[in-house]
Amino acid sequence: MADGGPVEHGYPHLETVRSAITALYKRLSYDTVHTFDTSVAPADVAFCDQDDLHLGAQRVAREVVRHLRLPDARVIVSFRAMEHAAAVELAAGPEYFIELNDRFRHHRRDIGAALAHEVMHVYLHRLGLSFPGTRANEILTDTATTYLGAGWLLLDAYREDGASSQKLGYLTPEEFGYVLAKRALVFGEAPETWFTSAQAYTAYTKGLARARHDGRQPPLTAAGWAGRRRYAKDRRYALDHGVGPRGGGPYSFSRTDAAGPLRVSFACPTCHQRLRLPARGRTRARCGLCRTLLDCDT
């Protein structure tokens, strides 16, 4: 939680974020991911200063529990002085015990964001899905919260001006925007209409541009002229020398043996699962993980 301190920007955790999206599709399956096609509605998690603090927090927590289809159980939310924004008890239940930082007593509109992250910890724990290391696991939690429809609250909690700043979660604002845009492109949502924070809107537009950029990388036919020309040059080099492009890139070439056909490997722009296709010209391919149909010029 950045409370008045500097807010990190950019995409320093992008590879972990992409791995988290892939892990969600692998663990949940395409069908289960698509049961989360509707995000948490702003009206359902609204919290105003006139609401009773504890009853309101429990109401919002129950809404997040319902959204994630966790077993219906009593949610017990308490407040105390602590370093982090929140903490959750990952016991078997049936109750959910969540502690929130005392600061949320006076910043009630952000309670939903903190609760969404903590309830996702419960969801992932019950799935048995985790990444090694605390930071990577927290990035997974932020990514899952956002991709499954509750993390727009975390981005909306980001506010920054010349005198103060606030951000919840481990992702940067632009990374939250990136994951939210990935979700919006799959489900056809328009989350920019839900933001109360102007800074969150700006971060989302930057993340959306980055997400769209993923779909314009060769060998996808949507790649621009420069990308297609670079790809053709790298493919000729691989054919002549039997190795991939020098300096790396969004794709790589390989052969099963010295005389075998050349194949290209690249990430699916939706779920980032690696795809491997023969390098033989225009083709259509379907990602076996997220079922995205891709027009390619390999």
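**View 1. Packing of helix H1 against helix H5.** Helix H1 (residues 14-28) packs on helix H5 (residues 134-147) at an angle of about 60 degrees, and their axes lie 9 Å apart; this makes H1 oblique to H5. In this predicted model, local features need pLDDT of at least 70 and side-chain atom pairs count only at pLDDT 80 or more, whereas totals for chains, interfaces and linings use all residues. Residues are numbered from 1 along each chain as its sequence is written, and side-chain values use heavy atoms, with hydrogens and water left out. Helices (H or I, at least four residues) and strands (E, at least two) are DSSP runs numbered from the N terminus. Axes are lines fitted to C-alpha atoms, for helices over the stretch in contact, with angles from 0 to 180 degrees between N-to-C directions; under 35 degrees counts as roughly parallel, over 145 as roughly antiparallel, 65 to 115 as roughly perpendicular and the rest as oblique. Thr16, Val17, Ala20, Ile21, Leu24 and Tyr25 of H1 meet Ala136, Ile139, Leu140, Thr143, Ala144 and Tyr147 of H5 (contact means heavy atoms within 4.5 Å). By class, this contact of H1 with H5 holds ten nonpolar, two polar and no charged residues (Ala, Val, Leu, Ile, Met, Phe, Trp, Tyr, Cys and Pro count as nonpolar, Asp, Glu, Lys and Arg as charged, and the others, Gly among them, as polar).

**View 2. Packing of helix H7 against helix H8.** Helix H7 (residues 173-187) and H8 pack at an angle of about 60 degrees with axes 7 Å apart, which makes H7 oblique to H8. The residues in contact include Pro173, Glu174 and Gly177 of H7 and Ala203, Tyr204 and Lys206 of H8. By class, the contact of H7 with H8 has ten nonpolar, two polar and six charged residues.

**View 3. The second largest pocket.** Among the 19 residues that line the second largest pocket, Arg18, Pro250, Ala267, His272 and Arg274 lie nearest its centre (on a 1 Å grid over the protein atoms alone, a cavity is a set of points where a 1.4 Å probe fits but cannot get out, and a pocket is an open set with protein on both sides within 12 Å along at least five of seven lines; lining residues have an atom within 4 Å of a point). H1 supplies the largest share of this lining, five residues, and the lining of the second largest pocket divides into nine nonpolar, five polar and five charged residues.
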